[in-house]
Amino acid sequence: MNRTLQQLLRLSLLGAASLAALPAAHAAVIDFENLGVGGVGHNEFFQQAGFDLAGYSAAADALDGDLVGTINDGTDPGSCVGLMCPASASHYYAGLNDGVLEISRSAPLQTFRLQSFDASFIGATVGGVYPAVAGLLRVQGNFADGSYIYEDYQLAGPGANGFAFGHYSTSAVFGAKQFSSIDLFAFTCNAGGNCNAFQSNKGQFAIDNLNLSAVPEPSSWLMLGAGLLGLAAVRRRRAA
């Protein structure tokens, strides 16, 4: 085997090893810690763990800055005034007033998966009494072509001490999908089991500890492959 062929073989093996070493996905957790406590308005966003999180309203007449959510300190009872929020020992996001929380990668054109999260319903105070029926949380995964799929999760009703976070895992089918963004919003439900979204201004939810897998951008693989091919071509020209 001549020297040039040996060099090309080593280069190919190195490229294969590099590709094999690349992780299929990078795990991230959005837990809202180390973020400032306060309101989130329509079309406002913040960042954590390589993701953009944006609050927005589905109302046709919504104005920039209209309140759609807050980042709450669960250890501070005053962070959730006038609402029945869940007890928590950490920060979490409260989606308010039929607001939507949208999650996407901070790096453009990159996708991700959602495996699990913690969630609770937030009830509007009615004479200091907890609502008897909790609502639904819809998790809608959006694809780059404009299509989407979703799963609904029945949030637990209040216990003796009010609402509490529950842990939820996405289905195997949903958890395997690569999304360009995910929207989260709540439905309110009545005792008859009828649920509606964006109609009562009371579709409110708490979300925390979103377990995400950031999928490497396909172009990263292509760029690495193109670079290896380019090096091989240079070696061949030098050997000619």
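1. Pairing of F45. In this predicted model, F45 lies opposite A54, a residue of β4. The two strands involved are β3, covering residues 44-48, and β4, covering residues 51-57; they pair in the antiparallel sense over 5 bridges. In a regular strand, side chains alternate between the two faces of the sheet.

2. The turn between β3 and β4. The hairpin formed by β3 and β4 has 2 residues between the strands. A49 takes a positive phi there, near 55°.

3. E44. This residue belongs to strand β3. With a relative accessible area of 37%, E44 falls between the 20% and 50% limits and so counts as partly exposed. The side chain of E44 reaches the backbone nitrogen of G41 at a distance of 2.7 Å. Beyond neighbours within four places in sequence, the contacts of E44 are with G39, L53, A54, G55 and G65. For E44 and V68, the separation is 24 residues in sequence and 9.4 Å in space, taken C-alpha to C-alpha.

4. The salt bridge. The structure holds 1 salt bridge. It is made by the side chains of D152 and R138, with an N to O distance of 2.7 Å. The partners are 14 residues apart and link distant parts of the chain: D152 sits in strand β12 (residues 148-154), R138 in strand β11 (residues 136-142). R138 has a relative accessible area of 15%, which is under the 20% limit, so R138 is buried.

5. N142. Strand β11 also holds N142. Its relative accessibility is 11%, and N142 therefore counts as buried, the limit being 20%. Which side chain does the side chain of N142 meet in a polar contact? The partner is the side chain of D183, at 3.3 Å. Leaving out neighbours within four places in sequence, N142 is in contact with S147 and Y148, and also with F179, S180, S181, I182 and D183.

6. Overall make-up. The protein contains 3 helices and 16 strands. Of its 240 residues, 40% are buried. Among contacts between residues at least 6 apart in sequence, 72% join residues at least 24 apart. The accessible surface comes to about 12300 Å², and carbon and sulfur atoms account for 57% of that surface.

7. Confidence. The mean pLDDT of the protein is 83, and 77% of the residues reach 70 or more. Among the elements, helix α1 (residues 3-21) has the lowest mean pLDDT, 49, while helix α2 (residues 172-176) has the highest, 98. The pLDDT is below 50 over residues 18-22, a stretch with 5 contacts in the model beyond near neighbours in sequence. Residues 220-224 also have pLDDT below 50, and this stretch has 6 such contacts.

Notes: Residues numbered from 1 in each chain as written. Predicted model: local features only at pLDDT ≥ 70, side-chain atom pairs only at ≥ 80, totals over all residues. Heavy atoms only, no water. Helix = DSSP H or I, 4+ residues; strand = E, 2+ residues; numbered from the N terminus. Buried < 20%, exposed > 50% of the residue type's maximum accessible area, 1.4 Å probe, protein only. Contact = heavy atoms within 4.5 Å. Areas by Shrake-Rupley, 256 points an atom, 1.4 Å probe, with all protein chains shown as cover. pLDDT = per-residue confidence, 0-100. Pairing = 2+ DSSP bridges. Salt bridge = Lys/Arg side-chain N within 4 Å of Asp/Glu carboxyl O. Polar contact = N/O pair within 3.5 Å; in protein donor to acceptor, adjacent residues only side chain to side chain.
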